[in-house]
Amino acid sequence: HLAITPQAESKPKKKESKKESKKESKSKKSSKSKTTTNKPTAPPILLIKYILGYFYRLEGAVKKSNKCYKLIQTESKIPQWSTYCSYEIGYNYYLGLKWNKAITHLTTFSKNSTAKGLRAYSAFVLGQCYAMLDQNPTAVTYMKDCIANVRKGFAHDAYAAKQAKEFLETKKYSDRDKLWVQG
């Protein structure tokens, strides 16, 4: 169903003086120049590949998912895209319980990401990977990093921080905890 809304009544415009008209014209020009950047944009096919990689992960087709993300890394001219693909590949390995491979890619994301998004959660996942390998001092470092990077109002961050705080109480995973992570 289409909602039909009444259009606002238009008031007759008052005549603008030449000074007001020039000021308005200058402000339009300056706002255009401020928003225009020379940053490269991603071709739509890469965005489609990114989304496809996510859907492949949901289906359990991790190899196909990683293939999509690796393709983006080689074809994208935007460094942050490549960095986010490192996160996605690392997260795929984490879900597949391949801790060392996950660490490699998630560390790349952690070192190169300029965005705040996923910073807390990736630190938590890195901490879990190190804890699963019984490298607990490194796990502690990442769990603390997770807590330090939590953004208010983001459920992912809140969950990661809660889990990180629980880990920091003992500074290691019990056998039961390890089974939970693998589940």
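Arg-57 and Glu-88 join their side chains in a salt bridge with an N to O distance of 2.5 Å, a salt bridge being a side-chain nitrogen of Lys or Arg within 4 Å of a carboxyl oxygen of Asp or Glu. The pair links distant parts of the chain, with Arg-57 in helix H2 (residues 44-59) and Glu-88 in helix H4, 31 residues apart. The model is predicted: local features need pLDDT of at least 70 and side-chain atom pairs count only at pLDDT 80 or more, while totals for chains, interfaces and linings use all residues. Residues are numbered from 1 along each chain as its sequence is written, and side-chain values use heavy atoms, with hydrogens and water left out.

**Overall architecture**

- The protein chain has nine helices and zero strands, where helices (H or I, at least four residues) and strands (E, at least two) are DSSP runs numbered from the N terminus.
- Of the 183 residues of the protein chain, 33% count as buried; buried means under 20% relative accessible area, exposed over 50%, and partly exposed in between, with a 1.4 Å probe and protein chains only.
- Among contacts in the protein chain with a separation of 6 or more, 52% are between residues 24 or more positions apart, contact meaning heavy atoms within 4.5 Å.
- The protein chain has an accessible surface of about 13100 Å², and carbon and sulfur atoms hold 56% of this area; the areas come from the Shrake-Rupley method with a 1.4 Å probe, and for residues only the protein chains shown count as cover.

**Nonpolar core**

- The largest nonpolar core has 37 residues, and those with the most contacts inside it are Tyr-94, Phe-124, Val-125, Phe-167 and Tyr-173; such a core is a set of buried Ala, Val, Leu, Ile, Met, Phe, Trp, Tyr and Cys residues joined through side-chain atoms within 4.5 Å.
- At least two residues of this core come from each of H3 (62-75), H4 (79-95), H5 (99-112), H6 (119-132), H7 (136-148) and H8 (155-170).
- H6 supplies the largest share of this core, ten residues.
- Beyond its neighbours within four places in sequence, Phe-167 is in contact with Ala-131, Asn-136, Ala-139, Val-140, Met-143, Lys-172 and Tyr-173.

**Aromatic residues**

- The structure holds 13 aromatic pairs; rings of Phe, Tyr and Trp (its six-membered ring) pair if their centres lie within 6.5 Å, with planes under 30 degrees apart counted as stacked, over 60 as edge-to-face and the rest as tilted.
- Phe-167 and Tyr-173 form an edge-to-face pair, 5.0 Å centre to centre with 75 degrees between the planes, and both residues are buried.
- One aromatic cluster is formed by Tyr-84, Tyr-87, Tyr-91, Tyr-94, Trp-99, Phe-109, Tyr-121, Phe-124 and Tyr-159.
- Arg-151 lies over the face of Phe-154, 3.7 Å from the ring centre; the criterion is NZ of Lys or CZ of Arg within 6 Å of the ring centre and within 35 degrees of the ring normal.

**Salt bridges**

- The count comes to four salt bridges.
- Lys-178 counts as buried because its relative accessibility is 14%.
- Lys-162 forms a salt bridge with Glu-166, with the closest N and O atoms 3.0 Å apart; both residues lie in helix H8, four residues apart, about one turn of the helix.
- Lys-162 counts as partly exposed because its relative accessibility is 48%, and Glu-166 counts as partly exposed at 39%.
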